[in-house]
Amino acid sequence: MHDPHTLLAPDNAAQQRLARKGYALDRTALSALVRERAEAIATRDNLRAELNTISRRLRGSGTDEDSRRGGVEAARELKERIRKAEHTQRTLDAELKDVLLGIPNTPLDEVPDGTPDDPVVEVRRWGQPPRFDFTPRDHVELGTTTGILDLERAGKLSGTRFAVTVRAGARLERALASFLLDLHTGEHGYHEYSVPHLVTRETMTGTGQLPKFEADLFRTQVDEDRDLYLIPTAEVPLVNLFRGETLPAADLPLALTAHTACFRSEAGSYGRDTRGLIRLHQFAKVELVRLCTQQDAADQLQLMLSHAEECLKRLGLHYRVIELRAGDLGFSARRTYDLEVWLPSQGTFREISSVSDCGPFQARRAGIQVRQGAGREYPATLNGSGLPIGRTMVAILEQYQQADGSVIVPPALVPYAGFSRIGPDGACD
């Protein structure tokens, strides 16, 4: 969330930055709302001051009875006017908050201009694409023929965009989660958390999923007065662990990780990636979150990016890093790098992880502050996938497939999986 005075600064810098993201800031409407709210606050304060003056006079000595009755009546009228003024102020507070909650984060100046339709900004590649002397199968065919992926029965249980993994498939998922968590906690310095999958509206608002993206979320009603939302990513509960808190600067940076199920309605995406594991309503992911001082955010972003890349390197998966253009950034992000993994069946790179710097945007929404000497400031929050389980399985199945329909397990996963190969019939050895 933004400070409205920053948005309305005379240099129009915020308006220009938001325009790079494709958002048109209505400065006239925002300015009018800010001015109206300020006037309501001034009216309320003036009325309170007038009431205090009358109250002091009534408490004083030497006031005759007629003057006292007049003063009591004036005080009663002022209290009613104050009540109405406070109601007006609360209404305007809510209106301003709603407007500010709907304005996205501003991109950093160094983020390249452009939209998703422009050519990607490739930063680097790692590894080489696997070479096959046969036509590579896609992960759905590989998973179905080996019997480790059952989309038909998943559809019977829950409808489209759900998956059931079986035997070696389920074991490979579990192995991936353990491998990733051990890497991040043992070598990268993250603290592991087990967090709720259902969270409040306030929690979703803190990281920017609400109010703008309500259609993308699954919601459940606990009772008449309580709704909870299924998390779309562990970023939501991990960042909001500290909602409303003031953290000592000496505790930063904080590095958090969690393995959770994630739930997304994928509103507006129907017709894209509907086969297999790439775009599901429910999937598992190991998430990375860091909180740091604002001046350290750029370095922390590169560090987190290296952690996500290390996962793919250890698994021997060919990938590339791209930087998103300003018009392609997510709502809460001010800078984002995507990791895209090579899928032989499609002959192209596909997104497997996004690593983003949100600056103080989420911290301001969630009321997280850092104590710096005698003052306070909002920390920067950063998040990234490290990695999603399903899409990583897709990449492993496709990049490690063999001519006979078997799949080799990446050596780094063998100690966790307990097998080094999935045979054409799904048997493990």
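How many nonpolar, polar and charged residues are in the lining of the second largest pocket? I counted by class and found ten nonpolar, six polar and seven charged; here Ala, Val, Leu, Ile, Met, Phe, Trp, Tyr, Cys and Pro count as nonpolar, Asp, Glu, Lys and Arg as charged, and the others, Gly among them, as polar.

**Ground rules**

I am working on a predicted model, where local features need pLDDT of at least 70, side-chain atom pairs count only at pLDDT 80 or more, and totals for chains, interfaces and linings use all residues. Residues are numbered from 1 along each chain as its sequence is written, and side-chain values use heavy atoms, with hydrogens and water left out.

**The pocket**

I looked up the volume of the second largest pocket and got about 440 Å³. A pocket here is an open set of points on a 1 Å grid over the protein atoms alone, where a 1.4 Å probe fits, with protein on both sides within 12 Å along at least five of seven lines. The volume is the space filled by probe spheres set on the points, which are joined across faces, edges and corners. Its lining (residues with an atom within 4 Å of a point) has 23 residues, and His 2, Thr 6, Asn 105, Thr 106 and Pro 360 lie nearest the centre. Helices H1 (4–7), H2 (13–20) and H11 (361–366) each give two or more residues to this lining. H2 gives the most, with three.

**The whole chain**

I noted 13 helices and 18 strands, taken as DSSP runs numbered from the N terminus (helices H or I, at least four residues; strands E, at least two). The C-alpha trace spans about 105 × 45 × 40 Å along its principal axes. Of the 429 residues, 48% are buried, meaning under 20% relative accessible area, against over 50% for exposed and in between for partly exposed (1.4 Å probe, protein chains only).

**Strand S16**

Next I went to S16 (residues 380–388), where nine of nine residues are buried. S10 (residues 282–292) runs antiparallel to S16, with seven bridges joining them; Leu 288 has Gly 384 as its bridge partner. S13 (residues 348–357) is also antiparallel to S16, through three bridges, and Ser 356 is partnered by Asn 383. For the record, two strands pair if DSSP finds at least two bridges between them. I also found a cis peptide bond between Gly 386 and Leu 387, with omega about 20°; Leu 387 belongs to S16.

**The core**

Which residues touch the most other members of the largest nonpolar core? In this set of 53, they are Leu 176, Leu 180, Leu 312, Leu 317, Leu 339, Leu 413 and Ile 422. Such a core is a set of buried Ala, Val, Leu, Ile, Met, Phe, Trp, Tyr and Cys residues joined through side-chain atoms within 4.5 Å. S10, S13 and S16 are among the elements that each supply at least two residues, while the largest share, nine residues, comes from H7. Beyond four places in sequence, the contacts of Leu 176 (heavy atoms within 4.5 Å) include Ile 389, Met 393 and Leu 413.

Most residues other than glycine have a negative phi, and most peptide bonds are trans. Leu 210 and Pro 211 are joined by a cis bond, with omega about 5°. Asn 12, in the loop between H1 and H2, has a positive phi near 60°. I checked its accessibility too: Asn 12 is partly exposed, at 27%.
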